[in-house]
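Here are my notes on this one, in the order I'd go through them. Have the model open while you read.

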Amino acid sequence: MDTPDCCMDLNGTTRMAQAHRTTLTGIVTTTVILAGIWWLIVQGRADAWLIGLPAVALASWASIRLGGNELPALSPGGLVVFTTLFLRESVRGGIDVAQRTLGPGLRIEPGFHRYRLHISNPAARVLLINCIGLLPGTLAADLDGDHAELHLLDTSVNPDQQLLQLEQAVARLFGLTAETSDD
Amino acid sequence: MINILSSILILAGVFFYLAGSIGLLRLPDLYSRLHALTKADNLGLGLLIAGVALQSQDLLIMLKLLLVWLSVLAASATSAHLIARQARRQETGS
């Protein structure tokens, strides 16, 4: 598990983004976001706060307790880029898997593939790992240090280019500078 | 016009759900099945929700539907990853 520091391109910015972990601002932001979500779910019904207030309080407590209280500032430009990529890849991923499974004779060649992650921010990694499963043909099976163990539906297609594109979009969303030069 | 567009989106959504379920039955192993489920259902639910949102014409309901989609996405992507991870760890014995 000794990862050489030279490969962690984004460490500096990551630490800055994590600086306001478990601070008062972090707690307030988490609570406000969760209260907003509750308000949306019940469509503004006032009497629902009877259940909503304890639920929001418990959810905030759980969120902070589990250490997920780092909310790095998201970049608005990055959000646009990420959302566009996410929607496009969702459509491509869905169509790709439908074509492969509905066609006569399954056109698959399953296998595993290792991909080195460039981002080290934990929140960004969680988002990346989850989104990899929505790209055409890839699924993140495990994380081994800085390498993601991916399952591919079709090993004859190299996914590295689309993975890098996704990773850069995630990095931009979290305001991390993606220096993925050494690949 | 809105009704037609909404129906097309909902039907397309149902189609992808069907494709995901057929994939679940036809594909040979656990990992490949997870591919079919997560990707086809993500797109299927997205289209279904877009179709329903068009019908509602109420911004709050649209936002709520968007929230539903995002929550399901987060849950299904996370559970797919965890299932794959568990299977992989059992296979490789680590």
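1. A word on ground rules. This is a predicted model, so local features need pLDDT of at least 70 and side-chain atom pairs count only at pLDDT 80 or more, while totals for chains, interfaces and linings use all residues. Residues are numbered from 1 along each chain as its sequence is written, chains are lettered from A and ligands numbered from 1 in the order in which they are written, and side-chain values use heavy atoms, with hydrogens and water left out.

2. Chain A as a whole: of its 183 residues, 44% are buried (buried is under 20% relative accessible area, exposed over 50%, partly exposed in between, with a 1.4 Å probe and protein chains only). Chain A exposes about 9,500 Å², with carbon and sulfur atoms supplying 65% of it; accessible areas come from the Shrake-Rupley method with a 1.4 Å probe, and for residues only the protein chains shown count as cover. Taking contacts (heavy atoms within 4.5 Å) between residues at least 6 apart in sequence, 76% join residues at least 24 apart.

3. How big is the area buried between chain A and chain B? About 3,000 Å², of which carbon and sulfur atoms give 71%. Buried area here is the accessible area (1.4 Å probe) that two parts lose on being put together, summed over both. Chain A brings 40 residues to the contact and chain B brings 35.

4. Polar links across the interface: there are 13 residue pairs in polar contact, both residues at pLDDT 80 or more. (A polar contact is a pair of N or O atoms within 3.5 Å; within protein, one must be able to donate a hydrogen and the other to accept it, and residues adjacent in sequence count only if both atoms are side-chain atoms.) On chain A's side, the elements giving two or more residues are helices H2 (24–41), H4 (76–102) and H5 (122–132), plus strands E2 (138–144) and E3 (147–152). H4(A) provides the largest share, 11 residues.

5. Arg88(B) pairs with Glu149(A), the closest N and O atoms being 2.9 Å apart. Both residues belong to a network that also takes in Arg114(A), Asp144(A) and Glu91(B).

6. Within chain A, look at Arg100(A) and Asp154(A), which meet in a salt bridge at 3.1 Å, N to O. The two are 54 residues apart: Arg100(A) is in helix H4, Asp154(A) in the loop between E3 and helix H6 (160–173). Arg100(A) is buried at 9% relative accessible area, and Asp154(A) is buried at 14%.

7. Compare Arg88(A) and Glu89(A), also a salt bridge at 3.1 Å, N to O. Here Arg88(A) is partly exposed at 42%, while Glu89(A) is buried at 3%.

8. Finally, chain B has a nonpolar surface patch of about 450 Å², made by Leu59(B), Met62(B), Leu63(B), Leu66(B) and Leu70(B). Patches are made of residues with over 30% relative accessible area and no salt bridge: like charges are joined within 9 Å, nonpolar side chains (Val, Leu, Ile, Met, Phe, Trp, Tyr) within 5 Å. Leu70(B) sits in helix H3 (residues 59–92) of chain B and is partly exposed at 45%.

Note on methods:
Salt bridge = Lys/Arg side-chain N within 4 Å of Asp/Glu carboxyl O. Helix = DSSP H or I, 4+ residues; strand = E, 2+ residues; numbered from the N terminus.
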